[in-house]
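Student: Hi! Could you walk me through this one while I have it open?
Tutor: Happy to, here it is.
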Amino acid sequence: MSKQKIKILLLSLLATFIVILTIGFLGSDNFKSPVYHEIVQLESGWTVQLASQTYTPDILSEISLPILNDQDTITLTSILPDSDLDSAVLHFRSILSTVDVYIDGTLIYSYGHDYLSAGKMLPKFHHFVSLPMDFSGRTVTIVITATENNAFSGLSPVVLGNEEELARAVAQDGRLSLAIGVFLVMFGFVLAVLSPFLVFTESHDYSITFSGLLSVLLGFYILCFNDLFWLFSDSPGAYTFIEYFSLFCIPAAILGFLHTSGYINVNLVTRIIWILNVSFVVITSLLHAFNIVHICHFVTFLHIIAIIEGLYIIVTLIINTVKRRKEKDALSTGNISTNMLIVGLLLFLVCSVTDIVKFNVLKFLENGEVNTDISFMTVGALIFILSLLLNYFFHCIESISASNVKERLEGLAYTDSLTKLSNRTKCELTMAELKGDYTIISIDLDYLKYTNDNFGHSEGDRLLTGFADILHTSFTDALLVGRMGGDEFIVILPYVDKDRTKRDLECMKDLMRYRTTLEKHIKYSASYGYADSQDKELESNTTQNVYLLADSRMYQMKNTHHKQTLGRLYEDLMKDFSQQKGENKK
């Protein structure tokens, strides 16, 4: 097994461990805060009146009731138990309904009538009804009136206790959803911050934008559905709308992510589906905003769309994955990380479809959706986002590896194998891209042919590599130091400064003199000429003309050197001959 596959396996196991640990820790009752006051579950002893029907359920939250429509009223009556609890409250939950609470026929609590008179949708709400000090043994009546068609079915538990502890208990029961929801929202905002850097790169990666959007939508939906926003906000109408709005946006965000990441082919069908999803969100939101039709009336329609699209996406992903496995090496890092993401997305879709089916079964067939949850979707969302995180992590590794490979290949293609300087191809490409101020130095190395002919090509190679080192040391701020071929070199400086150029050239000559003293056979000497982009002798200001002008000046120096070198070369030869003759006599 390769190291990359081992890393993927270990990180996958770590992600799985994090999920299990999160669920185990946050879902355990062992970590709940202690209760200092009595909490009484008022599940029995109720009389329930709906129209002409009267129910006496053994357990209130398990009562099977038909779906309540607009203006349907359900009345709950019971005798409050004896208790010495001070500042007692009744806690229960309502959906899209007004609530009135009476003690012995006297109204002590009323909720939602202001929404109703304004024509607004009533939110889901947790009620904490303060009871009088002498509540023990008195009759409590709770009147719940639906304000929308298909408003709700079933009844939530009614609990008697201290308000602070009851509120804490509600929050603790939802702490797994709270942790996952907050994580998804924060992760989504992080992706949203990073997305502009990828969108405006050459790759134009829009998938990270949809990933961030999807994560935020999932987080908001989980927090709102589980009534956890009331911990942060006192605007139930706002977070009830956010719940529906985020739910309606999720299908479009999933399709957008799949389109931009390439997991589903963009064709006419998928385009139409995505446009319909976006249009559905816009239309329902506008209808709700103008109080024409409240957004809650479209949930069933959305569920039907979501199930159909979910099945379509699942089948399409499986088919595309099988095709890719046949076309590519399935054991490569990229395919493994991609498959991890697809598996995470498939699990999320399956969990979401399961919760949708469960919700509708409870609402229409069993004891109501008031007490339902989205635990499957919550865990599925966490798994999907973790797989997305792993996928981005491995894609970063793959991009870095690809970049390194590209640099190495470019290095092989654009580097002179002997001197490690830029080769002729790289020099020409660089000159073609030159703009602004620059100086070009054309350099011709002396004595290369002489060294090769008299001392062998190995010494000639040492002359070339040594001269390359001299150039690197002399022109530390050069844009390019290259070998055009044979004994011809070029240096490009990203500025026009003759004094600075002369200092670098003097440095080169000093190094050549010093390195020559260290050699027995090799002599470092070079002819050079330079020109810059502002040179007055240029007929036209093109890079080619600047280089030709520098080259012509180099040849002028070369001719001078050639005349001087003939005499020096004769003296050196005679000196070497005399030394060899003296050694032979010895």
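Student: What does helix H3 lie across?
Tutor: Helix H3 (residues 163-173) lies across strand S5 (88-94), S8 and S10, and runs at about 115 degrees to S10. Axes are lines fitted to C-alpha atoms, for helices over the stretch in contact (heavy atoms within 4.5 Å), and angles run from 0 to 180 degrees between N-to-C directions. Helices (H or I, at least four residues) and strands (E, at least two) are DSSP runs numbered from the N terminus.
Student: Before we go on, what sort of model is this?
Tutor: A predicted one: local features need pLDDT of at least 70, side-chain atom pairs count only at pLDDT 80 or more, and totals for chains, interfaces and linings use all residues. Residues are numbered from 1 along each chain as its sequence is written, and side-chain values use heavy atoms, leaving out hydrogens and water.
Student: Back to the strands: in what order do the four sit in the open sheet?
Tutor: The order is S1-S10-S5-S8, with antiparallel pairing; strands pair if DSSP finds at least two bridges between them. S1 (40-41) and S8 (125-130) are the edge strands, each pairing on one side only.
Student: And which residue is the bridge partner of Gln41 in S10?
Tutor: That's Val159.
Student: New topic: is Val281 buried or exposed?
Tutor: Buried (under 20% relative accessible area, 1.4 Å probe, protein chains only; exposed is over 50%, partly exposed in between), with a value of 8% for Val281. Val281 sits in helix H7 (residues 268-289).
Student: Leaving aside neighbours within four places in sequence, what is Val281 in contact with?
Tutor: Phe245, Phe248 and Cys249.
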